[in-house]
Amino acid sequence: MSMDMKVSLVPKKQKYFYILFFLSMVLLYAFSLFQLKLSYGSGFESVRKAFGFILRMFHFNFTDWQDILYAALESLSGAVLATIISAILAFLISFLAATNVSAKGLPIFIKGLCASIRAVPTLVWALIFVAYIGLGPFAGVLGLCFHSFAYLVKAFSQSIEEVNAGSLEAMKATGASWLQTMARGVVPTIKTSIISWTALRFEINIAQSSILGLVGAGGIGHELSLYMRMFDFEKAGFVLMVILFMSFSVEMIFNKLKINVDINKF
Amino acid sequence: MQMTYLPLKKEKSFYTWAGVFIVIFTGVVTGFISHFDAIEAIRIIPGVLSFIFIDFLPPAHTALPNIVNPLLDTFYMAVVSTVTAALISIVLAFLCATPTMPHPVFKIAIRAFASLLRNIPALAWTIILVPAFGIGKSVGVIALTIGSLGSLIRFFTETIEEIDTGKIEAIRSSGGSYWQVLRAGVMPQCTPGLISWTLYSLELDIRASTIIGMVGGGGVGFYIQSTIKLFKYDHAAMAIVIVAMLVLVIEYLSKKIRERIM
Amino acid sequence: MKPILSIKNVKKTYANQTQALKGVSFDLHEGEFVAIIGSSGSGKSTLLRCINQLISQTEGSIVFKGIEVEKLKGTRLKKVRREIGMIFQHYNLIDRLTVIQNVLHGRLGYMSDFHGIFDLYSMEDRWKAYSILERVGLADEIHKRADQLSGGQKQRVGISRALAQNPSLMLADEPIASLDPVSSNTVMDYLHGICMEDGISAIVSLHQVDYAIRYATRIIGIKKGLIVFDGKAQDLSDSVINNIYDRKSNESNYEESTHEMIQSGSLAV
């Protein structure tokens, strides 16, 4: 097979789309770069400094390890709790948000509301709660719950919508009520995807909860911000290691358990 | 009529109940550790709602001029970071993915590297790099890029590894060189996936970009944080609403484009 | 004797302007085993689904045991539905659940929501489900997950689920369309046998004319939303079949040749 045969690998229309896409991305990139007006001059000096600091971070100073570990535990617990609460609430609401089992008009409303909640970054929600109830991990967990809930409603309702319509029809035909059909027809079918989505969200929540502290919502982020402000790289390095360890181990555990979700469907 | 017990399925329902118990137990324990007061949480719901609806809404239009520039910066930072990260990641992913890697050592090294980058959130990177690069958009871009780099390397690697190796073998067996195999066999199969992940990464970067301002990374995050601290809630609300709209628009566009290419 | 089911001038036009049923009328008497034949799109599915109101007809009335079903809603509709069992071409089981759990879904119409949600089936119900499964030869598979069964087995589970409802009427929408000939025979044997033994009236839609002739005493032929034949199986001549399936008489066709082969004895069933 000769490599210079002019056979199009992709339909014409799609090819134009790709070209258009790449072109606009290039233009957008150039435009954005220009608009940012970054200062490139001090670049090398800064990079040198950065490496220096990062190197210092590897010389951990774990004198305050008890406080740090407790803070890490706080963050971890916050993530776990937020995941549990938001998963349970989202599970209940998702039935109302799924187009194939809910009343007319309700899914659009709920999905729209959740999309808006999700569009506000978790940290901003945390800030709002901090403003209302004060500093500390409680505000952080609430903020995390909010965002988590909205995310899971979308994910769960998607799983519900993928249930075979025929199976639900059959249960309806036996005279089963809506609740019975949901509980004994839908739930057994979506059980594994619910768990997958919750696990995925848990990973995200672990990462989020570490940084909530950076805006005053307690946990290990608070410790990080503290040490960095004092330019205490050695202590900060230890904190980062703890954060890394938490996040990393969760990822490893889930990999072992092989919980898979296709992001492209989201 | 026999009335002895007839189970409905093979495993005992013990496991289900055990699972429920574990979840409740974990919930209670973590609740204590994170100072979560459930009663309090329910009690404050009306308070929070009135807080949001009265203090934050309606958003203050007067704040708009102060928001425009930071918001644009936020957008530009996200774009630049995502694209830069994508370009670097493509190269690294090709070196790392099983079908295209020159040598297994690349795979291990790059995977570890990406894992390291990915498990530290962009916000944390911002804090780490501020002492070296100072506050501002530069550090924001670098932090976002590093964060995206980690995720994109992993996503791209997965995309490349999902291709049909049969087609690659076919080209290779007809005498194609490494680069020819790449161009004719690998690229067409994984381009939709690569673009899809890049767009997803853009969504994530936009979200991250809106908040790195809070720790010195430039963008609208700083504005939101300071207006809230100064009790200027309606100003903050304006910024938050615009941010939400930006996120929704990018999500929508991303979805549409991904639908077209998949 | 009053008919158990009375269909009067039922019409159904879908939202996209397709007219599935253009005025269908017939009566069903207790104990009858009726086969509805017709090509795809003739309206068989729609008709069946109107009977238990999975689809509501645009015009006309359907009277089941003296009640006009199209006027029912909520609990009263559920009470009527539980007396009508239905089996489907694609079985429509809950794949992740076991055989016996699927069969017990037939009892949900008789249970409270609370009992249904938490799987609190009485021992009596469980053993009843078991004995039904014994009747269809699946007693050894009761704890198997539904997706581990073959097509024929799945359909038998479907039949069992419908039987668990203690129905007076059985609706079957192309029950053997997805099955191989051997499983088709097994399924139809069970379906027909049990309905006859228990005195359950049945309406079975089929596109295989040979099966229709073999099992049903009465055949209704539907073409483009109208009944073009309603009578005994013996009266079903070739020309009528051609009319139903819209074929010229000298065209050879699967259904027809199979029919001929069965009649002449060259294809053993």
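Which residue in S4(C) is the bridge partner of Lys8(C)? In this predicted model, where local features need pLDDT of at least 70 and side-chain atom pairs count only at pLDDT 80 or more, totals for chains, interfaces and linings use all residues. Residues are numbered from 1 along each chain as its sequence is written, with chains lettered from A and ligands numbered from 1 in the order in which they are written.

The partner turns out to be Ser61(C). Strands here are DSSP E runs of at least two residues, helices are H or I runs of at least four, both numbered from the N terminus, and two strands pair if DSSP finds at least two bridges between them. S1 and S4 belong to an open, antiparallel sheet of four strands in chain C, ordered S2-S1-S4-S5. Strand S2 (19-28) and strand S5 (67-68) sit at the edges with a single partner strand each, so one side of each has no neighbour in the sheet.

Over in chain B, helix H7 (residues 137-161) packs on helix H9 (residues 178-211) at about 150°, their axes 9 Å apart; axes are lines fitted to C-alpha atoms, for helices over the stretch in contact, and angles run from 0 to 180 degrees between N-to-C directions. The contact (C-beta atoms, placed from the backbone, within 7 Å) includes Phe155(B) of H7(B) and Trp197(B) of H9(B).

Conventions:
Contact = placed C-beta atoms within 7 Å.
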